Amino acid sequence: MADNIIRIEKVTKQFAGGAKAVDDAHFNVERGEFFSLLGPSGCGKTTLLRMIAGFEFPSEGEIYIDNQASSLIPAYQRPTNMVFQSYAIFPHLNVFDNIAYGLRKSGLSGGELKRRVNEALGMIKLDGFGARRGDQLSGGQRQRVALARALVKRPKVLLLDEPLGALDKKLREEMQIELRQLQKSVGITFVFVTHDQEEALSMSDRIAVMVKGKVLQIAPPQELYEAPGNVEVASFIGSINLIDVTVKSVGAGEAVLDGAGFGQLRARAIDDLKAGEKLVAAVRPEKLALVSSRPGSGSFVEGTVKASAYLGDRSHYHVFVKGRTTPIYVAAQNAERAMTGGFDTAKSVYVTWDWQSLILLRR
Ligand SMILES: Nc1ncnc2c1ncn2[C@@H]1O[C@H](COP(=O)(O)OP(=O)(O)O)[C@@H](O)[C@H]1O
Ligand SMILES: [Mg+2]
């Protein structure tokens, strides 16, 4: 049985006069896991995190932390600690005192205090920075200090609310890797909030996708990307082409479909598929390729390049296909082979794919 450090049981949060910020959330977080809450701004991520921390209380349901119902446990007695986007460190205190702050408040002093703070400084790779004042640090260093200040208290769960949001892209990517390594080495459970899908995909063991207060799917990154559970999740994670299809027939593990603008299509069957059912076939742009002459076999559709963008390692194309109102989005790697040709606007092309890369989704 999984060792769940957090159990969220049918938790709903309704603010006075507002819609449900969190709507019937129900999931577990395993001990030692890097778990992310991913969703657009306003979907309820912070509210859910604050309920775990004890800064906010569920209108319905219960949150169990380390097998204890948390509703009667105040924030400061929970085995959790929170790191915010705006690194709330004291600018007038030095790094050592910033990190020591919470430990001193809980009565620690002398050699043990020093040892714990220095250990935390090592974790965040700021050994020797103890005497530096908070306002003499870069953004990345300040965020590290905020992290150390939370870690030094040795919480069982660290709650992080968009902690890298204020950093520039390069630093953010560095910190993503460091944070992931740090989490694995200290073994503390992380619940990490972000609206950035790449960040969630690259860091997490599992991701919960939230939209309008509802948790739509919980899965490891690869599963979320390769096998999204529905159209909403598929569209939120990465870009994807959606094709309205009607099921013509279902065979062994395979379905034959009729797709607007595509004629007959093949895809892997999903459960309980019936002839006549209308659903959506989805395909990622990088699963598609462009060729200039008509393929002899396999899955393809004819179209016209409407727009293209050269991005160095790859090119993006919008291909217009007759019978469709939205173009097909193709992301082609600029491998040696393709570089010689390129595909100009207004050029007639064939979009090809492996039939197994079509994902059937119900709306
Ligand atoms: N204290 C509050 N009072 C009323 N409404 C709130 C409060 N906090 C958040 N909300 C509302 O709850 C919804 C979810 O907010 P939030 O959890 O902050 O989303 P996210 O962190 O995903 O951006 C939003 O519609 C927001 O306006
Ligand atoms: Mg938020």
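Predicted model: local features only at pLDDT ≥ 70, side-chain atom pairs only at ≥ 80, totals over all residues.
Residues are numbered from 1 along each chain as its sequence is written.

**Figure 1. The whole chain, with its surface and make-up.** Along the principal axes, the C-alpha atoms fill a box of roughly 80 × 50 × 40 Å. There are nine helices and 20 strands in the protein chain; these are DSSP runs numbered from the N terminus, helices being H or I with at least four residues and strands E with at least two. Of the 363 residues, 45% are buried (buried means under 20% relative accessible area, exposed over 50%, partly exposed in between, with a 1.4 Å probe and protein chains only).

Figure 2. The chain splits into domain 1 (4-235), domain 2 (241-282) and domain 3 (284-354), with bounds from an automatic or database domain assignment. The C-alpha centres of domain 2 and domain 3 sit 22 Å apart. Eight residues of domain 2 touch 12 residues of domain 3, a contact being heavy atoms within 4.5 Å.

**Figure 3. A look into the largest pocket.** This pocket holds about 750 Å³ of space. A pocket is found on a 1 Å grid over the protein atoms alone, as an open set of points where a 1.4 Å probe fits, with protein on both sides within 12 Å along at least five of seven lines; lining residues have an atom within 4 Å of a point. Its volume is the space filled by probe spheres set on the points, which are joined across faces, edges and corners. The lining has 26 residues, with Thr80, Asn81, Met82, Arg149 and Lys153 nearest the centre.

**Figure 4. Helix 1 and the glycine after it.** Helix 1 (residues 45-53) is mostly covered, with seven of its nine residues buried. Among them are Lys45, Leu48 and Ile52. Next comes Gly54, with a positive phi near 95°.

**Figure 5. Ser293 out on a loop.** Ser293 lies between strand 15 (289-291) and strand 16 (299-310). With a relative accessible area of 53%, Ser293 is exposed.

Note on methods:
Chains lettered and ligands numbered in written order. Heavy atoms only, no water.
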